[in-house]
Every structure is written in structure tokens, then in C-alpha cells.
Amino acid sequence: MWLIMTALAAVITTAIWYVKAPEDKYKLGLLSWLFWGATLMWLVDHVMAYLTEGGEFLEINLDATLLGLSVIMVALLAWVIVLLISDPKGVIKKVPKS
Amino acid sequence: MACFLVPMGEAIVTTIVQKVVVEKKEKKAGGEKTNNTGVTWSRRLGWLNKLLWGGVILLALEHIWHGEVVPWPPFLTAMENPADVAPMLHEMMTIGIAMAIFVTIVWAIIVLVVELKTRAAPEVKVNPVGGGK
């Protein structure tokens, strides 16, 4: 399930990035690369596990769904941290020091 | 078990290569673009690094979720039982290497497509007075 959810997140972020491209002020390109990297690795993991061990290709249950949501949350968190550190709008610099 | 350690090793190497070797070389050359495509090797390696690190971070989370990675030594639960070490190494040698190779192949295809697209694009002639046309 987490493979599908990460792949979906990768497609959505890539589409949003493309709408704004070539401008990438909010680093959506980075978020896309993160999701695609995980999607590709899990695809290999799932295919190899399916070929060697058999069974279900996708695990569809509550635990797998919660893992998928957690994966998306962590990727979004990493992206927000990078975004705030780079501060492309200069918002943090403008905060008054009172 | 610990398959993500193989792409992590690759990510460490490619990040060092990008930051230490390629960026220095390009700075020395004055930000020289590669093959007139406008995309430097530093930027290309940056794409690979983002793919690899993204996968590694999110796969590490999955391994923590499944109890295969713990925050205390030896960090990998497979290391606690000698009988689990061989299957862990086997998984790293098979799935881990396959992951690293697959991500690198996809990156190489992306670089190739960008290269071909930018070469095929008509060259912009800049008029010093009127700007680009």
C-alpha cells in the first residue's frame, strides 16, 4: 500500500512542479525527487519479493496504509525543513527581532 | 532487513563526488556548462543524490516501522542474532544492489533524455539590443 501511496504522491508533486516549471521557488522539484527515489526502490523490493517469495504483490491493510501516510508525512517534513532553511521568500529574515 | 544500506553507500559516494570533485572542478572552470546543454554535471549528480537520499530516508522509516532498525546499537535487529546475519547480507547483495542499480539506470535515462531534448531545442540567438528571439 505504501508503494501506491508514495507513487501517487510522486505523480502529484511532479505535476504541481511541472505547472510552475521552470520556476522552482518552493523546491517542489526536491519533493518530487524524494518521492520518486522511494517509489523506485520499493518497486524493486516488491518485484523481487514477489518473484522470490510469491504471495501478494501489494499489502493492503490498515498497517500498510498508516505506513504510507507516515512516509508521506516524513517526506513533507523533510521538504518543509529544507524550505524553511533556504527561506526563498525571505520571510524568516523579515521577522522583527523584538 | 537492511537493503537500503546499499543505496545509502552509493548516495554517500555520489554526494562526496558532487560536492568535493565536480563542484570544485566547475568552479575552477567558471561554471562551465557540459556539452552546451546548459546542465552541469554537478546538477545532474544532484538529481541522483536526491533520488538516492529520498529513497534511503523513506526506506529507513519503513524499516523502523517494521522493527528492523532500532535507535540503539547494533541498530539492525538482524545483527542481534547470528543466524539472521547471513540472510541480511544476502538481502543487501540482491535487493540492495538491484535497488541501487535500478535507481542509477532511471537517473541515466533522465540525464540522456534531458541531453537529447536540450540538443534538439533550437539555439536562442541573443540580440544585444533587442534581447533574445
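At what angle do α2(A) and α3(B) pack, and how far apart are their axes?

1. The model is a predicted one, in which local features need pLDDT of at least 70, side-chain atom pairs count only at pLDDT 80 or more, and totals for chains, interfaces and linings use all residues. Residues are numbered from 1 along each chain as its sequence is written, while chains are lettered from A and ligands numbered from 1 in the order in which they are written.

2. To take up the opening question, α2(A) and α3(B) pack at an angle of about 135 degrees, and their axes are 9 Å apart; axes here are lines fitted to C-alpha atoms, for helices over the stretch in contact, and angles run from 0 to 180 degrees between N-to-C directions. That angle makes α2(A) oblique to α3(B), given that angles under 35 degrees count as roughly parallel, over 145 as roughly antiparallel, 65 to 115 as roughly perpendicular and the rest as oblique. The crossing of α2(A) and α3(B) is right-handed, a crossing being left-handed if the near helix is turned anticlockwise from the far one by less than a right angle, and right-handed if clockwise.

3. On the α2(A) side, this contact is made by G37(A), L40(A), M41(A), V44(A), D45(A) and M48(A), and on the α3(B) side by T94(B), I95(B), A98(B), M99(B), F102(B), V103(B) and V106(B); two residues are in contact if their C-beta atoms, placed from the backbone, lie within 7 Å. The residues of this contact divide into ten nonpolar, two polar and one charged, where Ala, Val, Leu, Ile, Met, Phe, Trp, Tyr, Cys and Pro count as nonpolar, Asp, Glu, Lys and Arg as charged, and the others, Gly among them, as polar.

4. Helix α2 of chain A (residues 28-53) also meets α2(B), with axes that come within 7 Å and cross at roughly 60 degrees. That makes α2(A) oblique to α2(B), and the crossing is right-handed. Among the residues of α2(A) in this contact are L30(A), W33(A), F35(A) and W36(A), and α2(B) contributes residues including W47(B), K50(B), G54(B) and L59(B). By class, the contact of α2(A) with α2(B) has 13 nonpolar, three polar and one charged residues.

5. Taken as a whole, the contact between the chains takes 21 residues from chain B and 20 residues from chain A. The elements that give two or more residues to the side of chain B that touches chain A are α2 (41-65) and α3 (82-120) of chain B, and α2(B) gives the most, with twelve residues. That side of chain B divides into 16 nonpolar, three polar and two charged residues.

6. Chain A has four helices and zero strands, whereas chain B has three helices and two strands, in the order α-α-α-β-β along the sequence; helices (H or I, at least four residues) and strands (E, at least two) are DSSP runs, numbered from the N terminus.

7. The C-alpha atoms of chain A fill a box of roughly 60 × 30 × 15 Å along the principal axes.

8. Buried residues make up 28% of the 98 residues in chain A, and 26% of the 133 residues of chain B count as buried. A residue is buried if 20 or more other C-beta atoms lie within 10 Å of its own, exposed if 12 or fewer, and partly exposed in between, with C-beta atoms placed from the backbone.

9. S70(A) lies in helix α3 (residues 62-86) of chain A and counts as partly exposed because it has 17 C-beta neighbours inside 10 Å. Leaving aside its neighbours within four places in sequence, S70(A) is in contact with L61(B) and W65(B).

10. L76(B) lies in the loop between α2 and α3 of chain B and, with 17 C-beta neighbours inside 10 Å, counts as partly exposed.
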